[in-house]
Amino acid sequence: MSSTSSPGIQLLAALQELEQQANLATLSTSLLRQCLAVARQAKQASQACDQFTALALIRLESLALQSQQTLRRLIITQLLCQRMSVNDSVAQSLLCATLCHSVIQDNQKYQLLLRWLKQCNQPLWYSGALMLHNLLPHAGKQGFYRALHRLSTTQRLLVFATLLADKMLEKHFDEAIQAVAQKLPPTFLPLMDGLYPFPGGIPPGSHIELADQRLAMVLSVSDAGVIVRGVPDSDNDLGQSVEWISYDNVNAIHPRLCFPNVSVFESCWNSDWQQACEVSPTLSAQSKSTYPISQPPAKLIVIQDLLGHPEADLDNLARHIADEGFLARQLSEDASRRTRLKLRMSEVKHALLFQGLERTRHLLIQQALISRLNQHFFPLQESLLQFTQLVVRIMEALAHQHASLDSDEAMTLGYFACAGLFTHPAVKIMVKLPKPATPAYALSGLIPQSADMQIHALKLAEGWHQQHKLLQALKYHADMPHDMPVGIRASACLLGLSLMIARHIWFAETLDDNCPYHLAAINLLDINTAQCQMVKWQAIEQSHCYCPLSG
């Protein structure tokens, strides 16, 4: 296969190679590598979202029916991952689970595959493949739809993608969604909503009849209409011209078009189509923009500079914050929460005056950071967010017990300390929280065999231009207090002690009061056992945390 081949052609070649390996009398572990190769090709091909989506709605003469079904399942799974802002590593595991379920029909081979996935430590891929294998054969039978209530978010995505892709064999896309949706639990609604406005009711690849009875294929979709190309060799030919048509001028949807091969199919998206897109902006499969985690938002840097000015212009500052809707909302909500009578502060300037410049500075950093860290979904996201909030609330409560510590600085430290939980690749594909390792006061102990959690936190804090004191606290928090630099002992011990208390609450671990680190930390912070107990209950109440799924 030529290296200059299109992503679509490369995807079909990789898929055919996978099917050949699956049909061998004896499976090889190379099948797992080929699944990953197909998943990577699918992601690359999906960058051209119109052509990629259209592949699921047309028929290729060069592709067997079973291969076409596998391709359709793969495309719908990737499309849903894009629309639901699923993390790339998570999406790859889900695509691989879909592929395994589609290409391996023999039960003995499938059981062998599941054993390999367990040995290779692929929990998300394994759980998806196992669920599809056990559940989908019973689709439509009694009890099937009740079983769907127990599925996780990623499992729901896989089931919906498979059911929808299979229904598309006999119905058009919009009709297939309606047919599948009738009996699905309400928990599936976000997945259905995610398919609008893109690809929408008339996706790319649809074979349509226009109001004047001409036939066309949809190339791209926009808010108010579609870009179409005339169907070749039809009685009512458009002469292969490309034009924009409003939805009102779509008269009917016809059965799927058939193409001899991918090259002929892809040639429909040529320079004429590109010119039409420039005139009529089209929709994309990406549900929202992705921003780099390694650096703060540019607007936040501007606001931070204004906050640090000796004579800050409050009106100008309030305008800048108001322009960033998310940050403005968080500032107002936090100010409302802190008022004694819980009065709602809708005006940014009022919230700014109530909070003060220093607290505002920290709050904006904290909220911008947590927003950037949670742009893309992964299975443990909600649990880890809950744990982070617990750590932060413990640090806030402990800081209030020590006169020399600033609670806002402590909370910012807590958010950066937990950042590795959202950036470490190993965490993305976990489906259960593992039991943490020792020592309990170190970031390295949160996720076993992920000792670089502290490195992730440090690099992120450096990229976000945090103060040297915070960086030092992250670096030395796991040292014995007497070995820490004098200037950061209190904040470093605060982090280590907070991790111990958070793990005691979250994982039901025994809090070792006689641990040398614990004794030295509470002595340095001048906190007694009764105060620690009060901090624990206060943090639980304020963080509203609930029990995680731990393995």
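This is a predicted model: local features need pLDDT of at least 70, side-chain atom pairs count only at pLDDT 80 or more; totals for chains, interfaces and linings use all residues.

## Phe-378 and its partners

Phe-378 and Phe-422 are both buried, meaning under 20% relative accessible area with a 1.4 Å probe and protein chains only. Their rings sit 6.2 Å apart centre to centre with 80 degrees between the planes, an edge-to-face pair. Rings of Phe, Tyr and Trp (its six-membered ring) pair up if their centres lie within 6.5 Å; planes under 30 degrees apart are stacked, over 60 edge-to-face, and the rest tilted. Phe-378 is in the loop between α18 (357-373) and α19 (381-400) and Phe-422 in helix α21 (residues 420-423), so the pair ties together parts 44 residues apart in sequence.

Phe-378 also has Lys-428 over its face, 4.2 Å from the ring centre (the rule: NZ of Lys or CZ of Arg within 6 Å of the ring centre and within 35 degrees of the ring normal).

## Other rings

By the ring rule there are eight aromatic pairs. Tyr-441 and Tyr-517 have ring centres 3.9 Å apart and planes at 5 degrees, so they are stacked. Both of these, Tyr-441 and Tyr-517, are buried. Elsewhere, ring pairs join Phe-259, Phe-265 and Trp-269 into a cluster.

Residues are numbered from 1 along each chain as its sequence is written, and side-chain values use heavy atoms, leaving out hydrogens and water.

Terms used. Helices (H or I, at least four residues) and strands (E, at least two) are DSSP runs, numbered from the N terminus. Buried means under 20% relative accessible area, exposed over 50%, partly exposed in between (1.4 Å probe, protein chains only).
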